[in-house]
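Take a moment to turn the model around before reading on. We'll walk through it piece by piece.

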Amino acid sequence: MLVRYLKDAEKTARRIISPDGNWESTRLLLKDDQMGFSFHITTIYEGVDFQMHYQHHVEAVYCISGEGEVETLADGKVYPVTPGTLYNLDKHDKHTLRAFREMKLVCVFNPPLNGKEVHNAEGAYELDAEAVSELEAVSE
Ligand code: 9YT
């Protein structure tokens, strides 16, 4: 069995701080773990408003805390995001996420992320991003 603790993982290279200043994410499970998905605890900073478009992945997002909304750009629908909300990007939906207060989200990606992904110009993740090696994960 594989067990990881968020408090430990946050001190390693599993914690990615997005260069765009919108979010950070601790990636508790990645492709190398061979679970078929990756599993992240993501913080969306208060007041941000940004677009994403995961052309290569599907993603499930569950809100643990905070308050915001997600808008699907194809139809302009806006969905509140509060604790207990699960939204699923099952159709590679182009979307905007807004945080009225800091949000803590559980994010699950299929296919799993390699580890170092940050959004490209289209708000997507590349399939061939660099992995977080276990050596790096324990030494940082
Ligand atoms: C909700 C969302 O997609 N936020 C961006 C970060 C992403 N979930 C990640 O890489 O963990």
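What follows is a short tour, from the core to the ligand and then out to the loops.

First, some ground rules. This is a predicted model, where local features need pLDDT of at least 70 and side-chain atom pairs count only at pLDDT 80 or more, while totals for chains, interfaces and linings use all residues. Residues are numbered from 1 along each chain as its sequence is written, and side-chain values use heavy atoms, with hydrogens and water left out.

Let's start inside. A nonpolar core here is a set of buried Ala, Val, Leu, Ile, Met, Phe, Trp, Tyr and Cys residues joined through side-chain atoms within 4.5 Å. Buried means under 20% relative accessible area, exposed means over 50%, and partly exposed is in between (1.4 Å probe, protein chains only). The largest such core has 24 residues, and the ones that touch the most other members are I44, F50, V81, Y87, L97, M103 and L105. Two or more residues come from each of β4 (49-52), β5 (58-72), β7 (86-89) and β8 (95-110). The biggest giver is β8, with six residues. Those names come from DSSP runs, numbered from the N terminus: helices are H or I with at least four residues, strands are E with at least two.

Now pick out L97. Setting aside neighbours within four places in sequence, L97 is in contact (heavy atoms within 4.5 Å) with residues including I44, F50, Y87, M103 and L105.

Strand β4 is worth a look too. F50 and M52 make up its covered face, while D49 and Q51 are on the uncovered one. β4 pairs with β8 in the antiparallel sense, over four bridges; strands count as paired if DSSP finds at least two bridges between them. Along that pairing, Q51 stands opposite T96.

Also in β8 you'll find A99. A99 is buried, at a relative accessible area of 3%. A99 and I44 sit 55 residues apart in sequence, yet their C-alpha atoms are 6.7 Å apart in space. Beyond its neighbours within four places in sequence, A99 has contacts that include I44, Y45 and E67.

Next, the ligand. Which residues come nearest to it? Of the 16 around it, they are S25, R27, H40, Y54 and Y125, where being near takes a heavy atom within 4 Å. An oxygen atom of the ligand is 2.6 Å from a side-chain N or O atom of H40. For T42, the distance from a ligand oxygen to a side-chain N or O atom is 3.0 Å, and for E59 it is 3.0 Å. The protein covers 100% of the 310 Å² of accessible area that the ligand has on its own.

S25 itself lies in strand β2 (residues 23-29). S25 is buried, with a relative accessible area of 3%. Not counting residues up to four places away in sequence, S25 touches R14, R15, I16, H40, I41 and T42.

Finally, the loops. Between β2 and β3 (38-44) lies Q34, which has a positive phi of about 60° although it is not a glycine. Q34 counts as exposed, at 71% relative accessibility. H92, in the loop between β7 and β8, has a positive phi of about 55° and is not a glycine either. H92 is partly exposed, at 32%. Further along, P111 is in the loop between β8 and α2 (134-139), and a cis peptide bond with omega of about -5° joins N110 and P111.

How values were computed. Polar contact = N/O pair within 3.5 Å; in protein donor to acceptor, adjacent residues only side chain to side chain. Areas by Shrake-Rupley, 256 points an atom, 1.4 Å probe, with all protein chains shown as cover.
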